[in-house]
Every structure is written in structure tokens, then in C-alpha cells.
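I opened this one to look up a handful of local details. My notes follow, in the order I took them.

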Amino acid sequence: MEFRSLRGVVKALNGVYLTVHEREIVGLVGESGCGKTVTGYSVLGLLPKPQAQVTSGRILFKGDDLLAKPQQEMRALKGKVISMVFQDPLASLNPVFTVGEQISRVVRVHHDLEKKAALEAVRTALQATGLPPTDALLKSYPHQLSGGMRQRVCMAMAISCGAGLLVADEPTTALDVTIQMQILKLLLRLRDELGVSQILITHNVGVAAQTCDRIAVMYAGNVVEEGPTADVLKRPRHPYTLALIECLPQGKSAEQLKTIPGAVPDLIDPPAGCRFHERCAHVRDICRDTMPTPFEVARDHWTACHWVQEKSGRGVGVTTGHEPGVGAAGVPFNRDPGIEHTAGGGPATGESGDDIRRE
Amino acid sequence: MTFRAYIIRRLALLVFVILGVMAVTFVVSRVIPTDPTALYLGGGRHTPEQKAAAREALGLDKPLVVQFGLYVKDFVRGDWGNSLRTHRPVLGDIMGFLPASLELILSAMALAVVTGISMGAFAAYRKGRLADHTGRVAAIAGVSLPSFFLALVLQIVFFRVLGLLPVAGQLSISVAREYPVTDITGMVVVDSLITGNWVAFWDALRHLILPTLALAAYCAGTTMRMTRSAMLDALESDYARMAYAMGVPDRVIVGRYALKNAMAPVLTVIGLLFAYALVGTFFIEQIFAWPGLGTYATISILNLDYPAIMGVTIIVALAYVTVNLIVDLIIAKLDPRVMLS
Ligand SMILES: Nc1ncnc2c1ncn2[C@@H]1O[C@H](COP(=O)(O)OP(=O)(O)OP(=O)(O)O)[C@@H](O)[C@H]1O
Ligand code: SF4
Ligand SMILES: [Mg+2]
């Protein structure tokens, strides 16, 4: 995925492999600018045109490549099957329409309903996000609500048509701490009660640890490690994940805090090979020209690193076990660096092993 | 603040603005160093007694403050003084000329608002594409051509060259004679429509086209540019992105979500353009021999007919303030956040 910008071509995403199973929350963590939001936009087809170009890769949702879908079909999916909430709930809501007006508009876009019936659906959605489905709330404008309520309203809109996959881009960053916890609990409830699979984008490893079933760590446009939350946090394999966890502030004073030496590379002219090699403590020659491909280090735990691969006693470039993305849908793994999501199917079908992948 | 409290506050403000305008025009017209009594009395020499009587009749012997107080009082009662030139009540004269101007201004503004907003919204939607560039060229042409020049070009093309449209007055003389229009609102197009006088209606409409175009060009261009930029902001906003993420069709996002948000700055500009049109029509009326307020104002100014000048000025100010009040009320209705401030 690239952006054509005045400064040059920003090679924003390069190797994103990500799988979301049904009823699962996958955390997408990484430093600012590593491409988390762009990944989320890619799934929903929200990348700004014409600057953004997807050069290769696939996003498979229940076996269908979303990138290959015509716009009209994609529009019918958005909000109904896959939806998204954003960081700033106040800005995300239309200031000149009431809560009821804007959510029922979304409902009526996807379902042929009368105004009244649509409002009933709105009430149900509001209730599912823990808001009182009162007339007063339906008639209020976004600026009249508190931050937490606004984010719940956004979520109600996102699930109002029964979406099975929700991309939540830093949904708690703009809120204060107590409200943050409530919103995270809401995400868990949506997963458990409505079966909504989620991609939770956050730069906060702590948030991901509390909420996610699996975690994908991104660095400079690549997913460098992906696996079950406990595994990734307790036994990180990739040098970047190791460094990231070392740097967590938990229980440390300011002097003890570590930082990763060096700076995030400029994505207009990213380093060849592994994009982390200029900052990596374990860098070897091959890292400077060959991009590592993900391989399975433990069950369902993948990482893309030459060093880990060498340590694990396998030859460079050799991967064993089944490759990422070969799920029940039987979609062969795309060897080109790309993003991959295997998205949880909607609660309606109950099928498993749906894939999404792309670059 | 409730909507009603907001309206009351705005009306109070309006009264003060009008008083201010009246004070300024009053002082200016009294300071102009000519002798109004000479105009009042007509040509020839006058005795000091005649002059003193005239001064008294005009109220010129009283202190300025008192004169102003009396003027305001009379103004409110509908007595705007008598024209020095026609000796008839100013208000009556103005009411005779106003409808023709109103007809022209309203049709020009309606045309400008409809084309400006729709073209601006479409250009924003198609940003950087052919429609956007074409729209930009058209808007720049509309804004940069002086209206009197455009009027002359229109006259040459549509009257002289193509012979399609008339260029003078509101009605052809023959039509006015054979199909007289009953005076209801004073606006010929409206009156002929109401009374079902189709021949006159068609003729009046044809007369209205060119002056409307000449007056509307600048307003349409400005409205279009303002709409385009406000719509771009709205279409790039987070709530538009959220709507796209929810699968809301482009048509709804552009025509409802974005447009309703973009309306506030656009309406503000339209209010200002109304002021432009009020005065811009003075030129256009001269060029198209349009029997409107501009024609009346021009004659009054040339004759230093100060009660008439004051009357016209106040009418223009009143119209302007009223339009802006309406604009602000619409904005407050459209955007629920306005009431808070
Ligand atoms: N419209 C754009 N034009 C050019 N470059 C862009 C554009 N949008 C994003 N980028 C670049 O893509 C990269 C990834 O951005 P992205 O917003 O996905 O980061 P992020 O991981 O979400 O960071 P944050 O935590 O700050 O939200 C950044 O280097 C950014 O500069
Ligand atoms: S591939 Fe090489 S440079 Fe990249 S993280 Fe692994 S060891 Fe470091
Ligand atoms: Mg982001």
C-alpha cells in the first residue's frame, strides 16, 4: 500500500499478515505512524483516493477478496457486515443531525425499513452498547453527550446492522481513564454477546493485553509478530516486540525507562530487507537485503525475523508447518509481502476460517 | 438560550443598527453644503421670507438632535418626508420603484444561489477532476467580469447579434398596451402569473433574463467558490469518513451530511451578496432601463434630493439587515450548536 505524496511515494504498508477468527479480538499494536490506521482503512476501503494505491495483496473476508469487489458491493458490506469506529467520537458524529437521525439513516441504508421500524433497530443497538434507548437520547445532538456516550453512539451505529467484524481505531485514546475501561469492557461484551469479531487498533500494549485474544505487532508497515496475547507478551520472539515490551513503563521510574535506540524509518525511503535492521540488536547480513517472511514459532504464533528463524534451527527461508492464511477456506498463502486478515465471519453464518489479507 | 430569546436579541440589535444608519445618513445629508430650500421652492429668486418659510416647512430651523428625533418619529409612522424634487412622499415614491428592483434582485439571487450551491457541491465532490476545473473557470469569470461589462456583452450577443431577447424595460410597449398587467405586488412577472396573463408573463420573463444574468454572475461565482471550499472541509471530515465506513451512499453524504454542515458559511456569504446585489442593481437598472429603485436613487442623487437619498439608503440598510437576520436564523436552525454561543 502506497501513498503518492508531494515528498514522494510513502510505502506505508509492506508486509501485513493478519488473521481474525470468528468471535475474536485481535489487537494491532505499534508505534505512531507504523500503519495501524492505514491497515484499518484498507479493510473498509476508506483510503484517500487517488493518493492511496494498493500495489499488491489481498484482503479475504470469508474467502472473498474485498479489494477485488466492485464499489457498490463493497458499500453494501460496509456498516452491515464490516464496520469501523474511530479515535475521536465527537468528530466522527455529524454535528447537525440527532443521534436517532444518523443511526436510523445507516439502518435504512442497509434495510428496507419504515422510519418507525428503523428507530426500533436504533434503540436495540443503543441498548446493546449500554445506552438508555430513550427518546431524549434519540433527539440529542452529539455535542450534548459526554465523551463516553459519544463513543457508545458510534459503536451503536457500527453494530446497528449486525456487523460481524468491527475495526476499532484507538476507540479509547480520546477518553479519560475510567471511561476507557468501560469502553474496553463494551468491546468484550460485543464479542461475547453478539459474536462481533474485532480488530482493536491501539498503541497501548496494556490495553491490548487486557482485551485481545491475539495480538499483531506492527513496525514500519509490517506485521512482525502475531500470536495469542499471552504468548506474544510473555514469550515475544521478534527483536522489535522484545524491545517494545522492555520499554513498557509498568512499575518503573522515569530513569529506569528504556527506549529503543534509533528512529522509525522514513517510509518514503525505507531500509531494504528487514525494515527494523538499522535498530536491531540481532541484525545479521541477510537482514540488510532480504525481507524476512513470517513463519510459525509456536502454535498459531508467527514472526518474521531471520534471527529467530536461525535460532530455531531451521535454514534461512525455510518454513515448516502450515503457512499463515491456509485456513479452512483453503486460500493459499500469498508469498508477496502483503497484509492478511482472516476475518471472523459474521454471527449470522457461523462459518469459520474466513480469510482477509492484503497489502 | 432558546430560539425565541435569540430572535428577540437579534431584533433588538437590528433596531440599533437601523438607528445608527439613520443617524449617519441624516448628518451627512445636513452637512452637504447646498441650500435645500432652493430646491424646495423651485427655480428663480426667492425672498428671505420665502426662504425662512421653506426652512420652517422643512424643519431646518430646529436643532439637529430635534430634527433627527422628529425624523425617526415620522419614519416609524411611515412619513419619510417629501421628495424635494417631486414633492410627493418619499415612502410612496420608493414603494413605486421598489417592486421592480425586488423582482430583479430576487430572481438574480435565486439563480445565483441555486447554481452556485449545486455547482460548488458538485465541484467539491469531483475535486481535481474535469467538472471541478470547469467550475473554477466559470466561477472566476463570473467574479472577475464587472457586471456592467457583462451586461453590455449580453446585450450585444442576445439583442444585437442573435436578436433573441429584449434589453430595455420590464415589458414591451405593445404588450403593456394590449395586455395590461393588474398591479398586485408591483412585480410584473409575479402579477401577470397570478392573474393568468400569459402573454404579459412570457414577455416580462424574457425582459427579466438578461438583467438577471448580469446581476447574478458575480453572486453565483462567489457562492460557488464558498460552497466548494466549505464542502471540501465537510467531505474530508471525520463524520463523512464515518458515514463512508457505514456504507452511506455518496449521494446522501454529499447532499445531506456534508451540505447541511457546509451551509453556515455559504449562507453568511449569500447574506453579504444580497447587499452587493442591492447596490449592484443600480448599474444594471441604468443599463437595462429598468424602472427600479436604482433609477430612482440615481435621479435623487443627481438632484441632491436628500429626503429621497435618506429614504433609499434606509431601505437598502433595512433590507440588508433583514436578510442577514433571516440568514442567521436559518443558520441557527441548521446548526444546533449555534444557540449555545
Ligand atoms: N494521506 C496520506 N498521505 C501520505 N502519507 C500518509 C497518509 N496517511 C497516512 N500516511 C502515512 O502512512 C503511515 C502510516 O500511518 P497511520 O496513520 O496508519 O499510522 P498509525 O499507526 O495509525 O499511527 P498513529 O498511532 O499515530 O495513529 C505514516 O507514515 C503516515 O505518514
Ligand atoms: S530480520 Fe534481522 S533485522 Fe529484522 S528483526 Fe530479525 S534480526 Fe533484526
Ligand atoms: Mg492511527
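How far does a backbone N or O atom of Val38(A) lie from an oxygen atom of ligand 1? I get 2.8 Å. I count that as a polar contact (a pair of N or O atoms within 3.5 Å; within protein, one must be able to donate a hydrogen and the other to accept it, and residues adjacent in sequence count only if both atoms are side-chain atoms).

Before going on, I note that this is a predicted model, where local features need pLDDT of at least 70, side-chain atom pairs count only at pLDDT 80 or more, and totals for chains, interfaces and linings use all residues. Residues are numbered from 1 along each chain as its sequence is written, chains are lettered from A and ligands numbered from 1 in the order in which they are written, and side-chain values use heavy atoms, with hydrogens and water left out.

**Ligand 1**

I found two further contacts to oxygen atoms of the ligand. Lys36(A) puts a backbone N or O atom 2.9 Å from an oxygen of ligand 1, and Ser32(A) has a polar side-chain atom 2.4 Å from an oxygen of ligand 1. The protein buries 66% of the 640 Å² that ligand 1 exposes when taken alone (Shrake-Rupley areas with a 1.4 Å probe; for residues, only the protein chains shown count as cover).

I see 14 residues around ligand 1, with Ser32(A), Gly33(A), Lys36(A), Thr37(A) and Val38(A) the closest; to be near, a residue needs a heavy atom within 4 Å. Helix H1 (residues 36–44) of chain A supplies the largest share of that shell, three residues. Helices (H or I, at least four residues) and strands (E, at least two) are DSSP runs numbered from the N terminus. By class I have seven nonpolar, four polar and three charged residues in the shell (Ala, Val, Leu, Ile, Met, Phe, Trp, Tyr, Cys and Pro are nonpolar, Asp, Glu, Lys and Arg charged, and the others, Gly among them, polar).

Most residues other than glycine have a negative phi, and most peptide bonds are trans. Which form does the peptide bond from Lys49(A) to Pro50(A) take? I read it as cis, with omega near 5°. Pro50(A) sits in the loop between H1 and strand E4 (52–53) of chain A.

Ala220(A) has a positive phi, near 45°. I place Ala220(A) in the loop between strands E10 (214–219) and E11 (222–228) of chain A. Ala220(A) counts as buried because its relative accessibility is 1% (buried is under 20%, exposed over 50%, partly exposed in between, with a 1.4 Å probe and protein chains only).

Leu304(B) also has a positive phi, near 50°, and lies in the loop between helices H13 (293–302) and H14 (306–334) of chain B. At 33% relative accessibility, Leu304(B) is partly exposed.

His207(B) is in helix H10 (residues 198–235) of chain B. Is His207(B) buried or exposed? I have it as buried, at 4% relative accessible area. A polar atom of the His207(B) side chain lies 2.8 Å from the backbone oxygen of Asp203(B).

Val190(B), in helix H9 (residues 188–194) of chain B, is partly exposed at 29%. I get 46 Å between the C-alpha atoms of Val190(B) and Lys51(B), which are 139 residues apart in sequence.
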